[in-house]
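Please look over the model shown below.

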Amino acid sequence: MSDLPSFIDRGERARLFPVLSETSKEGRTTAVFLSCLANVFEYGGALLASLGQRVGTRARIECFTEIGFAVMAGDKKLRPDGLIVLTVGSRTWTALVEAKIGANELSNEQIEGYLALAQANRIDAVITISNQFSASPQHHPLTVRTRLTNKVDLFHWSWMYLLTEADLLLNNDNVTDSDQHYMLRELVRFLTHPSAGVKGFDAMPKAWGEMVNAVRAGAPIRATSPEAGEVVGAWHQEVRDLTLILSRQVGVEVVNKLPKALVKDNAARIKADQNALAEEKCLTASLHVPDTAAPIDVSVDLAHRTISSSARIKAPLDKQSTKARVNWMLRQLQKAPADNIYVRLHWPGRGPYTQHALADLQKDVSIADIGNDKQVSAMEVCMVRDLGGRFAQSRNFIKDLEDAVPDFYETVMQHLKAWQAPAPKLREGRTDASDVTPSALGDEVSEAHRAKREEADVVVSGEGGPA
C-alpha cells in the first residue's frame, strides 16, 4: 500500500504532536486521538471492535488528517477531520472521522454530506465524535436519510466513551507495551484537561422542568409531542453518561441492557420510551455491571419526583420457608444503611408484591410471611430518593441521579450475590462405576417394573383397598 490511500489526493498521517494552528482546536484534538488509536494496539483494537471490526495481531491501523479527495460529492468545501484505514490481510476497511468539541454539536447537513462523500469514494463508514452521547456506536444522535446509510455505515463515539475506554485499559493493565502505555496515559491527561473541551452530560433540557411541573398539575404527556422527544433524547444521553461514570468507578465496562428488538433500532427505542413516559410518567434504564447478581434497574418517576435504584434476585430454592429465604438476603445487607432502602417480596403467580422497609425486616423478619402456603420466589432491594423541588431542576436532577446510582451500587449491589443451586449429589445406589453399567441400569429398571406390578396386584386383589 502506498503512503496514502488511492482515493485521497492529499493528507498526512495523524500526528501525536500536531502542527496545526492554535485556533484549530478540533483538528488538534482529533489528530492526537487518531495517533493514539493507530499506535496503541489495545486501544485501537477495542474501539474498532465496538464498530464490529476485528483487529488481530496481523492487522494494521493507519490514521490520516488534513485529507482531500479526488472525487467530491455535494458541497466541495467538505473537509472531514480524519480517515481511519484498517488493513487485515487482503481486506481493507475505511472510515471518515468528523469531530466536534466543547458545546459544538453535529449537524444533519454536514454529516449527510460526509455520507455522500464516503459513498462516492467507496468508503465503508463515517464516524462522528462529540460530547453528545448515544447508547452504542450504532445508535447515532442524529436521524439521517435512510438512503444515505444503505451502503455506508454511520457510527458515533462520545469523547467520554473514548476517555473511558482508555481509562479501563490503563487501570486493568491491559496495555502490554510500556511505550504505548505511556502514550495512552498521556492521551487521558490531554482529554481530561479543561482546555480539551471534553465533558459529561450535565443538564436536562428546558422542557424537563416544564414537563415535571405539568405532570404535578395533572396534565397528560403526549408521546408524540416535541417535548417528549426532547426529554427522552436527553434521558438516553444521560443514561449513556451514567454507564461511563460507573465503568470508571468499578473498573469494568457497564452497559445499558436493552431489549433485543431495540439494540439495533434506535428509532424503535425512542418511540418505546416516549410511549412509556406518556403512559407511566416514568423514565427507566437497566444497567448491567459484569459479575453482579442482577442488573441495576433505574426508574425516574415524574409524578412522585423520585429516583429509584433496584435489583431483583431469585429466592434460594434450597430454603423452604419465606423466613429462611429472606434471612438469606438480609445477611448480605448487614452493612447497608437502612435509610430509604426497601425490600419487595415477589410471590408465585401474578399477584402483587409486598413491600417492607429494610429496617423493619431486620428487626422482625417474620413480618415477611403473608400467612398462607406460598413461599417468596424473588426479592427486590430498592433504594428510593425523594428529590422534592430539586427534581424539576435540570442540573440538580442530573447531579442527584449521578450520586444516587453509584451510592446504590456501593451500599447494596456490590454485596448482593445471586443464589446458585448446590451441586447435585451422587444418587444412592450409584456411588460406584459398576452401579451405572448398561447391565446394572437394566437390572434397576427391571426391578422397578417388578415392584410396580406387585403393587398393582395388591390393589386389584383388594388387599390395599379401604377397610
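Ser 286 stands opposite Asp 297 of β9. This is a predicted model: local features need pLDDT of at least 70, side-chain atom pairs count only at pLDDT 80 or more, and totals for chains, interfaces and linings use all residues. Residues are numbered from 1 along each chain as its sequence is written, and side-chain values use heavy atoms, with hydrogens and water left out.

Strand β8 covers residues 282-288 and strand β9 covers residues 296-301. They pair in the antiparallel sense over 6 bridges. Pairing here requires at least two bridges found by DSSP between the two strands. Helices (H or I, at least four residues) and strands (E, at least two) are DSSP runs, numbered from the N terminus.

## The open sheet

The sheet is open and has 7 strands. Their order is β7-β8-β9-β10-β13-β11-β12, with antiparallel pairing. β7 (255-256) and β12 (354-357) stand at the edges. Each has a single partner strand, so one side of each is left without a neighbour in the sheet.

β9 and β10 pair in the antiparallel sense over 5 bridges. Ser 299 has Ser 308 of β10 as its bridge partner. The two strands, β9 and β10, form a hairpin with 4 residues between them. In the turn, Arg 305 has a positive phi of about 60°.

## Two partners of β13

Which strands pair with β13 (residues 378-386)? Strand β10 (residues 306-314) is joined to β13 by 9 bridges, running antiparallel. Strand β11 (residues 341-346) is joined to β13 by 6 bridges, also antiparallel.

Met 379 of β13 figures in both pairings. Met 379 is the bridge partner of Ile 313. Leu 345 stands opposite Met 379 as well.

Axes are lines fitted to C-alpha atoms, for helices over the stretch in contact; angles run from 0 to 180 degrees between N-to-C directions.

Two packed helices are described by the angle between their axes and the distance between the axes. The axes of α7 and helix α8 (residues 266-280) come within 10 Å and cross at roughly 115°. α7 and α8 are therefore roughly perpendicular to each other (65 to 115 degrees). From α7, the contact (heavy atoms within 4.5 Å) takes in Ala 228, Gly 229, Val 231, Val 232 and His 236. From α8 come Arg 269, Ile 270, Asp 273, Gln 274 and Leu 277.

Thr 94 is found in strand β4 (residues 91-99). Is Thr 94 buried or exposed? Thr 94 counts as buried, at 5% relative accessibility (buried means under 20% relative accessible area, with a 1.4 Å probe and protein chains only). Leaving aside neighbours within four places in sequence, Thr 94 is in contact with Phe 7, Leu 83, Ile 84, Val 85, Arg 122, Ile 123, Asp 124 and Ala 125.

Val 152 is found in the loop between β5 (125-130) and β6 (153-158). Val 152 is buried too, with a relative accessible area of 1%. Not counting residues up to four places away in sequence, Val 152 touches Leu 115, Ala 118, Gln 119, Ile 123, Asp 124, Ala 125 and Val 126. Val 152 and Tyr 114 are 38 residues apart in sequence. Their C-alpha atoms are 10.0 Å apart in space.

Notes. Parallel < 35°, antiparallel > 145°, perpendicular 65-115°, else oblique. Buried < 20%, exposed > 50% of the residue type's maximum accessible area, 1.4 Å probe, protein only.
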